[in-house]
Amino acid sequence: IFMAMFSFSLVLSSAAMSAKAISEQTGKEFLYKHVCTSAAVQNRFRYASVTAETDWDRLAQDHPWLLTERLVVKPDQLIKRRGKLGLVGINLDLEGVREWLSGHLMRETTVGKAKGVLKNFLIEPFVPHTQEEEFYVCIYATREGDHVLFHHEGGVEVGDVDAKAQRLMVAVDEKLSEDQVTEQLLTQVPDDKKEVLASFIVGLFNLYEDLYFTYLEINPLVVTQDGVYVLDMAAKIDATADYICKAKWGDVEFPPPFGREAYPEEAYIADLDAKSGASLKLTLLNPRGRIWTMVAGGGASVVYSDTICDLGGVDELANYGEYSGAPSEQQTYDYAKTILSLMTREKHSQGKVLIIGGSIANFTNVAATFKGIVRAIKDYQGPLKEHEVTIFVRRGGPNYQEGLRVMGEVGKTTGIPIHVFGTETHMTAIVGMALGHRPIPNQPPMDAHTANFLLNASNSAMTPATTRTASFSEPRTSNDVTPAKKSKAGLPAASYQKQTKAMVWGMQTRAVQGMLDFDYVCSRDGPSVAAMVYPFTGDHKQKFYWGHKEILLPVYKNMADAMKKHPEVDVLISFASLRSAFDSTVEAMQYPQIHTIAIIAEGIPEAQTRKMIKMADEKGVTIIGPATVGGIKPGCFKIGNTGGMLDNILASKLYRPGSVAYVSRSGGMSNELNNIISRTTDGVYEGVAIGGDRYPGSTFMDHVLRYQDTPGIQMIVVLGEIGGTEEYKICQGIREGRITKPVVCWCIGTCATMFTSEVQFGHAGACANQASETAVAKNQALRDAGAYVPKSFDELGDVIKTVYDELVANGTIIPAQEVPPPTVPMDYSWARELGLIRKPASFMTSICDERGQELIYAGMPITEVFKEEMGLGGVLGLLWFQRRLPRYACQFIEMCLMVTADHGPAVSGAHNTIVCARAGKDLISSLTSGLLTIGDRFGGALDAAAKQFSKAFDSGMLPMEFVNKMKKDGKLIMGIGHRVKSINNPDMRVQILKDFVKQHFPSTQLLDYALDVEKITTSKKPNLILNVDGFIGVAFVDLLRTCGGFTRDEADEFVEIGALNGIFVLGRSMGFIGHYLDQKRLKQGLYRHPWDDISYVLPEHMSM
């Protein structure tokens, strides 16, 4: 039972999904395991879970108290107010519980607007008690700290506890004491219960902190003379803290909100997401719906859902999802095929639409992700046509033209209607087209590539007045004396200048090069990045480009060294991972020179973020993020990947300042705002994405007040979001006259109020915990306060243009002539990726490809290799011969490797390996020493034997003629002869192989020929047998020629290029390694050959 203030809960959470609700059973398990209190907590671990599959006899065996105690039964499916809904069975025996469940288990129930099936129930002991023994306690997190609420009258009729309860706030990094609890919370509690309750509440608070809860409510908490009973509990934990709490949490299952089923496809995408550095999300809302979405970006995904619902599509919206963070082509393919599979299972009378949308990407290669989607469309083209699916595409960002081109091409080749649009089309315009509310325009052909790096092709000749531009290039004046102190608005009065110098934490070379290109096109005197910090290498220099020229930037292992050598740096841009971002940020704040820190990482636990914010407030440091792309000040400075690639910088005129400043949460949507503002006004003066987390380091109001106080800014745009109350501060600022500049504002997430169940959307902070936090309520409040609020995101650009035109008309803004920016050459690697240039590759390979999600051997995925049980012989066939060899051939190869693996320590190769090992050399050196002895006289006769016997056989020479010719030419017959084995002492290795070959090979012509030669040679001398090298050589020629996988020329080529010797080298390597390990294990010392085994033959002493 959630407290009243949390009764309205529309959760739209993020990638790593921050606060996530857990089942009551999980919450109680955490409490019983880890709570530390002197209070006697009763009924520990006395709960039993029941589903439709429960074996009641087994349940009673596992929980014998079920047979002896009076019981309570209730659903455990995140349902609020179960008591008032009649969903709790009280004071029953086990038979009574079963009878009660017969009327509830697997029955459909309506809770609020949500309809769902009751599937999971919890049985616990019934606790007899009086109303006076019931209490209410709740702990929940806010930006400033954790609030503890307590009410002396708990239970079903607790009412509006937010209004009635005693409360205290424990500030971030502070502790709660029993004295505080007693004095501030327990004022109306009987004296005999104060000590027990104080101890329990402090223990509960410590548990809440240690296990990273974000919300924990117990109602009622019953206190009797026996101790404390936790009757009903509701809780959320910060799922991003999994890497910290895994040992205590174990494997946590997060149940879906009531009214929404958990689908296997959602679990599949969640698993993909967990294994990827990118973000992949999928929530099924209505699998029978006709409107499906595949949207790039957390913020954009919310906007598309809003627009679909605004246009009346809420009942037909099938899914919510997003992909972002530069997923690979394979990851995008897996994501897309999951959605296409789902949408082609049931037909719809009106056909279906798929909206592949997105804002303008900052760093994701659009073409690469679209290639994954195109592959999925090709795979599903039959079902897509059968289900009459129409696809609408709108995207921008790096290489988007190529992405749109391949998407358009697949529409033409498959016959699926695909309508493709780029940045010239408003982001959500395709929704109106898809739903039939606006016509589908005939698009002119797009540019085939992103090549607009050299000059801005815009027709607009207007730019801000030079009087405003000048303020950016001027250095700080001497009376600008408070750069390190936070202004009242929360940020330095002048955040970025043309002299701003930054340090980058992390080896993000692409982002740094993007910053340097931006600096160059803005005509800065020098790079904005002074140095990089990367703890995983030593100090070194990293090469970058400054325009056409190559430059070196220092990279430091230690932040202290970097700060000491670069005192001019006042901004840190942290690309640290979510695990190391906290420590690196705290370290950076120890240096007074740092005024601003941008934290890019997503998924930092909220408790850590709050500690960083508190420390930053104390030290006067501005934090942008976490979970942000950063911010940009045209003409001055940009953070990391903000603004995208240089073609977008030029298209959106971000190389010089305009008159409009914006603040948003989303990075992708901030780039969309760059596009909208550049098309409707004279451009952006400054823009910041504060980040999608619940507690951003700096807030909307911090930036809006700073924009209000900045002379060059004439109007402000705010893209708000469901969750939190920050936008109400803007309302208050407008009413009180603190904000006088025109504010255009729109809060995304309006769709949330239309959904019947909770939906996990794109940002962790997008979580409405009460009605006032919904986007609809905030948009209305902003409108009432005097902000310019459009009817929907679709109209945002129109409203911005209207306000701007008014400012131009009344003379507030005077547009100025456009000045072309300097040219910047494109990087070679990017030009090649865009297909603008070509260069012959340095290497070619046809046997293996490791670039995709799965390793491929000669066209065969590694999973197939194992599924087919191909073994080592099969793998060798793929990698050496590019063929899938017959099973007998694979077995023969493996047998060859086994029989050649070793032949004792006396042979030259093993001897060398042993000597080298005993000299203290490493494994590689010792192995190489042995391998270098392989040649015609030792082990390397396979190729030569195969060649000699093949040539003689193919020329029609009789075995006797062959022997006589070799004797006449004075040549040895390779593969004939052995130092130990003879016709009377046969080599069992050869015998084993001969038996197998005769049984399995379709033909053994060359082997038979070699055996005839052996009869002749052994008649002369018994040890001139066909040895193992010779046997493998001739048998392999028979294999290549007769297995059906090779032409005669191909078979001869493999012999010619030395493939057969490879068998001996590979097999004998196993033995050599064995000898190396044996010598090390036996601790053998340095080998010195004995004198008595050396014949010293020196010339006699010559005297004069």
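The legends below describe an overview and close-up views of a predicted model.

**Figure 1. Overall architecture of the protein.** The protein contains 38 helices and 39 strands, taken as DSSP runs (H or I, at least four residues, for helices; E, at least two, for strands) numbered from the N terminus. Its C-alpha trace spans about 115 × 90 × 80 Å along the principal axes. Of the 1104 residues, 57% are buried, that is, under 20% relative accessible area with a 1.4 Å probe and protein chains only.

Figure 2. Two or more lining residues come from each of α33 (959-968), α35 (1005-1020), α36 (1028-1042) and α38 (1059-1081); α33 gives the largest share, three residues.

Figure 3. K352 belongs to strand β18 (residues 352-356). This residue is buried without a salt bridge, and the nearest side chain of opposite charge, E346, is 6.9 Å away; a salt bridge requires a side-chain nitrogen of Lys or Arg within 4 Å of a carboxyl oxygen of Asp or Glu. A polar atom of the K352 side chain lies 2.5 Å from the backbone oxygen of E346.

Residues are numbered from 1 along each chain as its sequence is written, and side-chain values use heavy atoms, without hydrogens and water. Local features need pLDDT of at least 70 and side-chain atom pairs pLDDT 80 or more, whereas totals for chains, interfaces and linings use all residues.

Technical notes. Buried means under 20% relative accessible area, exposed over 50%, partly exposed in between (1.4 Å probe, protein chains only). Lys and Arg count as positive and Asp and Glu as negative; His and the chain ends are not counted. A polar contact is a pair of N or O atoms within 3.5 Å; within protein, one must be able to donate a hydrogen and the other to accept it, and residues adjacent in sequence count only if both atoms are side-chain atoms.
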